[in-house]
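Thanks, everyone. Have the sequence and the model open, and follow along as I go.

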Amino acid sequence: VAGSGCLTKKQRKKRFALLADAVVTLKTAPATTVYIDAGHANWISESTMARRLKKAGIANADGFSLNVSNFYRIKRTRLFGKRLSARVGGKHFVIDTSRNGNGSRNGEWCNPPGRALGHAPTTETSHHRVDALLWVKKPGESDGECNGGPAAGEWWPEYALELAQNANSE
């Protein structure tokens, strides 16, 4: 949803229709929870993201996800999520904490050095609209060939070790 700004108007319309259909289809499966990815707190404004989520079928989803594959701290992400939730009917959300232990490094998203594992996955979040803190991005999975990393999606044991060694700062 966040990356849809790069598409033509026709492509966006098609993508949102496909997403909305996917939400409805997935929700027909028993015991299935559906969250739509809503980027992170430093990317798209709440008003723009709310419009996009509505087009993507947030009304039929359980909520939205934030900070997937990113580094923003829980406090900042939760505040963004609360404001976004208010714009989409009070929907709940989940936060990816797999790499946010030391926060963002000036918005750098591609294998920034000095990052850390964030809060361990849990459903005990201390906020009624935050359903869970999750590790969506596998710690150690490369973002791409930047900062010495292998191709995007490849396992990078040295980065995984660095994330683990720097943990406990969230």
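One cut-off before we start: buried means under 20% relative accessible area, exposed means over 50%, and partly exposed is in between. Keep in mind that this is a predicted model.

Now apply that cut-off. Asn 67 has a relative accessible area of 0%, so this residue counts as buried. Its backbone is worth a look too. Phi of Asn 67 is positive, about 70°, although the residue is not a glycine. Where does Asn 67 lie? In the loop between β2 and α3, with α3 running over 74-87.

Compare Asn 147. Here phi is near 50°, again positive in a residue other than glycine. Asn 147 sits in the loop between β4 and α4, the helix at 157-165. Buried or partly exposed? Asn 147 is partly exposed, at a relative accessible area of 43%.

On to the sheet. Four strands make an open sheet, ordered β1-β2-β3-β4, with parallel pairing. Which strands stand at the edges? They are β1, residues 35-37, and β4, residues 130-134. Each has a single partner strand, so one side of each is left without a neighbour in the sheet. From one strand to the next, the twist averages 25°.

Zoom in on β1 and β2. Strand β2 covers residues 63-66, and the two strands pair in the parallel sense over three bridges. Ile 36 stands opposite Phe 64 in β2. Remember those two residues.

Next, helix α2, residues 46-55. Its buried residues include Glu 46, Met 49, Ala 50, Arg 52 and Leu 53. Seen down the axis, the buried residues of α2 fall within an arc of 165°, so they line one face of the helix. In general, an α-helix has 3.6 residues a turn, so residues three or four places apart point the same way. The face of α2 turned away from the buried side carries Lys 54 and Lys 55, which are exposed. What covers the buried residues? The cover includes α1, at 9-27, along with β1, β2 and α3. After α2 comes Gly 57, with a positive phi near 95°.

Now the aromatics. How many aromatic pairs does a search of the whole structure find? Two. In one, Phe 64 and Phe 93 have ring centres 5.2 Å apart and planes at 10°, so the pair is stacked. That pair links distant parts of the chain: Phe 64 is in β2, Phe 93 is in β3 at residues 92-96, and they are 29 residues apart. Phe 64 and Phe 93 are buried. Trp 156 and Tyr 159 also form a stacked pair, 5.0 Å centre to centre, with 10° between the planes. Both of these residues are buried as well.

Last, the cores. The largest nonpolar core has 25 residues. Which members touch the most others? Ile 36, Met 49, Leu 53, Phe 64 and Leu 84. At least two residues of this core come from each of α1, α2, β2, α3, β3 and β4. Back to Ile 36: beyond four places in sequence, its contacts include Val 1, Val 23, Leu 53, Ala 56, Ile 58 and Phe 64.

Methods. Residues numbered from 1 in each chain as written. Predicted model: local features only at pLDDT ≥ 70, side-chain atom pairs only at ≥ 80, totals over all residues. Heavy atoms only, no water. Pairing = 2+ DSSP bridges. Axes fitted to C-alpha atoms, helices over the stretch in contact; angles between N-to-C directions. Buried < 20%, exposed > 50% of the residue type's maximum accessible area, 1.4 Å probe, protein only. Arc of directions from axis to C-beta. Contact = heavy atoms within 4.5 Å. Phe/Tyr/Trp six-rings, centres within 6.5 Å; stacked < 30°, edge-to-face > 60°. Core = buried A, V, L, I, M, F, W, Y, C linked by side-chain atoms within 4.5 Å.
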